[in-house]
Amino acid sequence: MGSSEQGEHAIHTMFLEERRYPPSPEFAAQANVKADVYERDFEEFWETEGRERISWFQPFDKLYEWELPYAKWYLNGKLNVCYNCVDRHVESGAGDKVAFYWEGELADTRRTITYSDLQSDVVRFANVLKSIGVKKGTHVAIYLGMIPELPVAMLACARLGAPHCVIFGGFSAESLADRANDFEAEIMITQDEGYRRGKPLGLKKIADEAVLNTPSVKKMLVVAHSGGDVAWTEGRDIRYDDLGKDASSDPADCPCEPMDSEDLLFLMYTSGTTAKPKGIIHTTAGYLTGVATTHNYIFDLKPETDVYFCTADIGWITGHSYIVYGPLANQATSVIFEGTPDFPDKDRWWDICERYGVTILYTAPTAIRSHMKWGPEYAQKHDLSKIRLLGTVGEPINPEAWIWYREHIGGDKAPVVDTWWQTETGMILITPLPGITTLKPGSASRPFPGVDAAVYDESSNEIGPGGGGYLVLRKPWPAMLRGIYNDPDRFLSNYWSLFPGNYAAGDGARIDEDGDFWLMGRVDDVMNVSGHRLSTIEIESALVAHPLVAEAAVCGRADPVTGQAIVAFVTLKGGKEGSDEIVKELRMHVGKKIGPIARPSSVVITAELPKTRSGKIMRRLLRDVAENRELGDTTTLADPSVLAKIQQQAQAKP
């Protein structure tokens with residue numbers, strides 16, 4: 001992406017998006033940030049945020065060191081993340097403020113957890129961990145579903161200075177073992193069972209299978225959730241309730257461990273181009289400063305009145321940064337939920353939003369497109385009038401999905417902050433700032449203050465307005481990854497070798513005439529059709545703009561004539577079935593929206609697209625289907641049968 005030919009051949013469909021949404025005077029007047037925030041000096045900005053947003057046991061004496069590719073931030077400072085997220089709020093008199101509303105999947109299973117409750121729960125959990133040998137530096141793997149004990153376990157580890165690795169509760173035993181082994185976990189925390197669509201899901205059973213191949217794990221701490229019977233290994237397995245009932249919840253009995261700014265806080269595994277997942281290293285002070293600062297500014301947080309709902313799973317980086325650490329550091333009131341957005345019915349989220357008076361909602365474009373497919377009537381059953389800000393995360397959002405989200409969920413008034421960031425970045429890096437940004441559907445707007453992003457071509461030349469290429473970051477930022485665990489060579493080759501001295505994000509981007517960024521998805525998702533560089537997200541956006549289409553995923557397959565041919569996988573609104581006439585209509589529609597060169601060579605209409613348990617479309621597997629080759633790793637799929645059906649349909653196409 002970004003070759004010298006690109007300026008001649010690239011087709012900029014996103015730039016044809018002309019709808020604009022300036023901030024309302026009312027929103028601008030109360031916004032947390034003003035326009036001059038972009039004029040602040042890089043070092044002054046991060047110095048001020050670090051000193052004013054974080055409570056230090058010992059203040060830092062140097063802002064950062066940058067020895068490419070390794071950065072250190074807030075040097076020689078001492079702090080504790082749990083203290084910043086919990087204890088200081090209780091000490092300031094906010095103990096009665098709600099930290100979390102928790103919604104279980106089973107009917108009427110709910111909890112309201114104040115900051116005082118959270119402190120007691122965390123201290124008790126930390127004392128249990130201490131009693132089984134956890135201390136500063138002990139590696140703890142956490143394999144839990146979306147239950148209150150998940151953030152509690154994370155905070156308890158942070159309190160003790162024990163690095164944690166949360167492994168998504170939908171992973172298989174093999175995936176769990178791979179990550180726990182690489183992390184060299186000594187303790188594993190799991191639960192008896194979770195629930196998915198009303199049915200028990202045996203997490204303990206999966207953990208048992210995983211630790212057969214994880215020799216470093218000596219103890220397994222089991223939280224009771226369903227109360228179901230589970231297999232038991234005496235001497236290794238420990239019931240949390242047995243120890244917790246006698247453990248102290250007094251913070252004086254378990255003070256927060258002073259940690260160095262650069263001490264390891266957690267690992268988060270992300271998939272790579274090889275089968276071996278990458279253990280992304282996140283440390284303490286820079287990470288906490290980054291997520292707290294971005295959460296406050298981007299979501300315009302008013303802790304006294306807002307109810308914030310991020311729909312992610314805490315097992316992913318979005319949940320770490322924008323359910324647990326960022327919001328709690330900012331004394332936010334948040335909603336967490338167990339289950340799926342369509343069980344027991346497709347209005348699950350809207351019911352939750354109405355019940356708790358949610359004011360800020362942060363979710364993924366793929367979820368929005370699912371709700372588009374189901375129809376707005378589910379949202380219309382509920383009072384969503386308190387929602388004042390919407391956010392998206394995970395992948396570029398199609399303009400039509402952006403508009404639907406604003407109109408049907410945001411009452412045609414709530415600004416939409418379309419955020420770009422990665423597991424590796426730790427915090428949001430490109431985003432609108434509500435109150436000062438004129439929003440463009442489909443654009444992530446500008447780099448966050450204190451972030452230096454640019455677009456380069458393959459020769460490391462910066463590409464100006466109108467051009468497209470590789471997204472790079474030219475300066476360090478506080479929450480950036482500190483490496484890949486036990487694999488420095490991979491860290492260098494994956495992120496720093498393409499453009500020496502710059503972080504290569506692996507995503508394509510374009511900059512418009514106003515200087516706004518349009519993210520185009522992974523560089524791997526750019527196709528070369530007869531010399532034309534086409535982005536999958538552009539063609540997907542054109543398809544989703546058709547009134548019949550709910551979701552679309554596009555990939556390329558090898559073609560002897562054009563180099564690559566475009567294959568589109570499409571789901572229709574209302575469960576409508578496909579026909580040759582609809583396929584023809586969709587191909588013509590893309591040709592009209594973008595140009596004849598972008599017309600898909602084949603369109604596969606399917607009831608569902610293959611998605612992970614977190615809701616991301618698995619385009620990698622669709623490429624395998626399009627190329628008619630052996631499928632790659634399918635362990636993270638929510639429903640593997642969807643892929644089998646798509647294979648059958650695709651094989652029937654030319």
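Reader: Why is Cys82 called buried?

Author: Buried means under 20% relative accessible area, exposed means over 50%, and partly exposed is in between, using a 1.4 Å probe and protein chains only. Cys82 has a relative accessible area of 0%, so Cys82 is buried. Cys555 gets that label too, because its value is 2%. Keep in mind that this is a predicted model, where local features need pLDDT of at least 70, side-chain atom pairs count only at pLDDT 80 or more, and totals for chains, interfaces and linings use all residues. Residues are numbered from 1 along each chain as its sequence is written, and side-chain values use heavy atoms, with hydrogens and water left out.

Reader: How do you know whether Cys82 is in a disulfide or in none?

Author: A disulfide is a covalent bond between the sulfur atoms of two cysteines. The rule here asks for a pair of cysteine sulfur atoms within 2.5 Å. By that rule the count comes to zero disulfides. For Cys82, the nearest cysteine sulfur belongs to Cys256 and is 4.7 Å away, and Cys82 is in no disulfide.

Reader: What makes Lys302 buried or exposed?

Author: Its relative accessible area is 16%, so Lys302 counts as buried. You'll find Lys302 in the loop between α10 (285-298) and β16. It touches Gln30, Ala31, Asn32 and Arg388, leaving out residues up to four places away in sequence; touching, or contact, means heavy atoms within 4.5 Å.

Reader: What makes the pair of Lys302 and Gln30 a polar contact?

Author: A polar contact is a pair of N or O atoms within 3.5 Å; within protein, one must be able to donate a hydrogen and the other to accept it, and residues adjacent in sequence count only if both atoms are side-chain atoms. Here a polar atom of the Lys302 side chain lies 2.5 Å from the backbone oxygen of Gln30.

Reader: And why is Thr437 called what it is, buried or exposed?

Author: Thr437 has 11% relative accessibility, so it counts as buried. Thr437 sits in the loop between β21 (430-431) and β22 (446-447). A polar atom of its side chain is 2.8 Å from the backbone nitrogen of Leu433. Setting aside neighbours within four places in sequence, Thr437 is in contact with Tyr21, Pro23, Tyr38, Pro432 and Ser445.

Reader: How do you know that the span of helix α5 agrees with what it should be?

Author: Helices (H or I, at least four residues) and strands (E, at least two) are DSSP runs, numbered from the N terminus. The expected span of a helix is 1.5 Å times one less than its number of residues. The 17 residues of α5 (115-131) should therefore span 24 Å, and the end C-alpha atoms are 24 Å apart, which agrees. Among the buried residues of α5 are Tyr115, Leu118 and Phe125. After α5 comes Gly133, with a positive phi near 105°.

Reader: Why are β23 and β26 called edge strands?

Author: They belong to an open sheet of four strands, ordered β23-β24-β25-β26, with antiparallel pairing. β23 (453-456) and β26 (517-522) each have a single partner strand, so one side of each is left without a neighbour in the sheet. Further in, β24 (468-473) and β25 (503-511) pair over five bridges in the antiparallel sense, and Gly469 stands opposite Ala509 in β25.

Methods: Two strands pair if DSSP finds at least two bridges between them.
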